[in-house]
Amino acid sequence: MWKSYNFPVFLLSESSTSTLQEIAMKNEKTERAYTTNVAEFDVVMQTTKVGTHDSESCLKEETCLPLGGYSRKKMSFANRSDVYSYGDITILLRGGMLRGGSVWSALPPIDRLSSNQSKPIILAVASMDAQSFFRDKSLGADSPISGMISLLAAVDALSHVDGLDDLNRQLVFLVFTGEAWGYLGSRRFLLELDQQSDAVHGLKSTLMHLVMEIGSTGRGLNQGNKTFFAHTEVSSASNETLDALKLAQESLKSDGVTISTANSSNPGVPPSSMMAFLRKNSSTSGIVLEDFDTIFANKFYHSHLDDSANINSSAIVAAASLVARTLYVLASDNKNLTSSALSAINVNASLVEELISCMLDCNPGLSCELVKSYISTTNTCPNHYVGVVLGEPSSTPHPNQVDDISRFVWNFLADRTSTPKGDTSVCSQDCGKKGGVCIRAETDGKGVCVISTTRYVPAYSTRLKFDSGTWQLLPPNSSDPMGMLDPVWTESNWNTIGLRVYTVQDAAYDRLVLLGGITVTVLAYLAILLTRAYITKALKQD
Amino acid sequence: MTVAAGIGYALVALGPSLTLFVSVISKKPFLILTLLSSTLVWLISLIILSGIWRAFLPLNSKTWWPLAILIFTSVAFQEGLRLLFWKVYKRLEDILDAFADRVSKPRLYLTDKMQIALAGGLGHGVAHAVFFCLSLLTPAFGPATYFVDRCSQIPFFLVSAIIALAFVTVHTFSMVIAFNGYSEGNKVDQVFVPSVHLAAGMMTLINFASGGCIIGIPLLFLMAILTLMHCGRMVWRRLTENQRQGNS
């Protein structure tokens, strides 16, 4: 997928594909020698037209935009079209810009007013963007959406647990976007953390105790058993997490869930957001939970075919249960841990089913009840492409600058991590001052003010800086001159894309027709002259 | 279709009319006026017909009898209009003759009357060609072409241009025959014109059968040639009669 091709590739819908196949067959067995069926491609990419073939030059010429979160509205050159159809061919274009932002949420909410922020933090991480050869068909069901659904279901399970305030450690959930494009979401987050920006207020890198990343979990079903693997870099620091996982596994024995450490013959972590954390601090204690050991179980990794048929909901439920209970063990730090408390943490399987049908299917898609209760959107088919950044990125974006999935995740996490339940009021100006956020602002009048610590974090490459209306490219790290570890991905500006198929005649046949028309005219003229001459001659005879 | 092919199709349908205009009609201003007003009258008649039949659309194209009724009523309407056209022309002729008498100039000759009839007929033909053929060509410019399933050997536009040519011929010379028939009181000529018009119209239904245009179009041209020949015979007869009358 990373190769460059000098021809366009179109993905057509089912009906269009069969139409095109028919037409191609007709070309094979044609009775007329002077006609052929042709296809006309209508696609203009501004970077190709102008000749700016890499990110640096195209950003300077403003023929492209960097990938990442937040954009205000569609730009003048790019047009939005949901379904473009011409003649018989229908192309599904999700078109336009999908904007994104990473989301983090604390359970229980961090008390902003308290200056004493010394509880160590357990960070649970997942990602919400996917990638494929076709930008508009990037579902990423197994990698990474199944992990995100596991995390959301785990948050929901933990939200019903009492006494989280009394635990020794603070749970923070983090859903990145842009991970499929050089892990720009996690890189940006860590940079913001270093700079202690507004977006990460309440978090400090010194307080990070350990990181647990939930990678792909949808293919963990093996003959009725759900097996997952824990990948880790530094074995000694991660012992605590592995012990917690084992405890959780014990409590889930009856459900046939097993977690094992990854094979030591293949050390390290698989491609994951953890790599960004480890690059910052190589002694970070962290594990990556995946459904594979030494080789990927997902044969449709980064493919448009990685859809809901590629995953199993019971594996996701099992992973969510494992994660929820492990996080509880880690947060309680073995203080007053009872097996009854652990077995009280249960994941709602129907919630997982609902999340799958909302995030990974077109029917009901984003018009499902769960999504509709938090955000209002006109799209139904979900797409997890990260999108581009338009305008200046900020830590407090307006809701209409953020894409549907990010907004849903933000609302969902804010709702689930909010306390106390039931004590909500209509949103007003001082909601933020009370330490609360406005959820359901698009669907329920002015929205509901809940006490929750849930924030957006901008997501774009760490080598980009927005300066006076244009994007500046910062030079790469001296130890990384090729920019391999810090890539800058951009998307060319484009206009409406189309494809049409029709029959053409040979130019020779057209010329023949023209000749025929002229001949007919000339012959008629001659006939008229002859007739007139004949009549005048015959009349003069007498 | 491409521009070259488009001009070709237009010439097939209207080339002979163009030559007729240039060589006969354009010589006399009165004929140009007759042609223009005739084209207008027959275009309006087609518009009225389509307006009335709009209410019955869409017609079921699987069965042929709704279309037969459509053609029958349209032909009947146009033939009725032709009679009216004749009556108006007769009034005009009387006015022109009276004027000629007043200024002591000669009255309309037979050849003049025939040329007026020819201009009227040409107007009818041009209206038909514009309505049924040119209106299809003008929006169709572009790189592609189009073939109909039931007549897949030649492009659709060529088929319609050829049919339009046949009808232009039929209409142009039918008017000459009809005016002559009305003025002479010749029943044969008076019946001939509507019959040929109706027959030609009904023959286009043959094109509905798969591959029917191979039979339908030659039959149409047969009708056109029949009209031409009948008109030629009638003109010859009238002119020689007139000649003899003049000399005797």
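A residue is called buried when its relative accessible area is under 20%. By this criterion, 46% of the 248 residues in chain B are buried. The model is predicted.

Seven helices and zero strands were assigned. Read from the N terminus, the order of elements is α-α-α-α-α-α-α.

The overall dimensions of chain B were then examined. The C-alpha trace spans about 60 × 40 × 35 Å along its principal axes. The radius of gyration of chain B is 19 Å. A compact globule of 248 residues would have a value near 18 Å, so the two agree.

Contacts within chain B were sorted by sequence separation. Of those between residues at least 6 apart in sequence, 77% join residues at least 24 apart. The accessible surface of chain B amounts to about 12,400 Å². Carbon and sulfur atoms account for 73% of that surface.

In chain A, a nonpolar patch was found on the surface. Its members are Ile518(A), Val522(A), Leu523(A), Tyr525(A), Leu526(A) and Leu529(A). Together these residues contribute about 500 Å² of accessible area. One of them, Leu526(A), lies in helix α13 of chain A, which covers residues 507–541. The relative accessibility of Leu526(A) is 44%. Residues between the buried limit of 20% and the exposed limit of 50% are classed as partly exposed. Leu526(A) therefore counts as partly exposed. Its accessibility also meets the patch criterion, because patch residues need over 30% relative accessible area.

Definitions and conventions:
Residues numbered from 1 in each chain as written. Chains lettered and ligands numbered in written order. Predicted model: local features only at pLDDT ≥ 70, side-chain atom pairs only at ≥ 80, totals over all residues. Heavy atoms only, no water. Patch = residues over 30% accessible without salt bridge, like charges linked within 9 Å, V, L, I, M, F, W, Y side chains within 5 Å. Areas by Shrake-Rupley, 256 points an atom, 1.4 Å probe, with all protein chains shown as cover. Salt bridge = Lys/Arg side-chain N within 4 Å of Asp/Glu carboxyl O. Helix = DSSP H or I, 4+ residues; strand = E, 2+ residues; numbered from the N terminus. Buried < 20%, exposed > 50% of the residue type's maximum accessible area, 1.4 Å probe, protein only. Rg over C-alpha atoms; globule rule 2.2 N^0.38 Å. Contact = heavy atoms within 4.5 Å.
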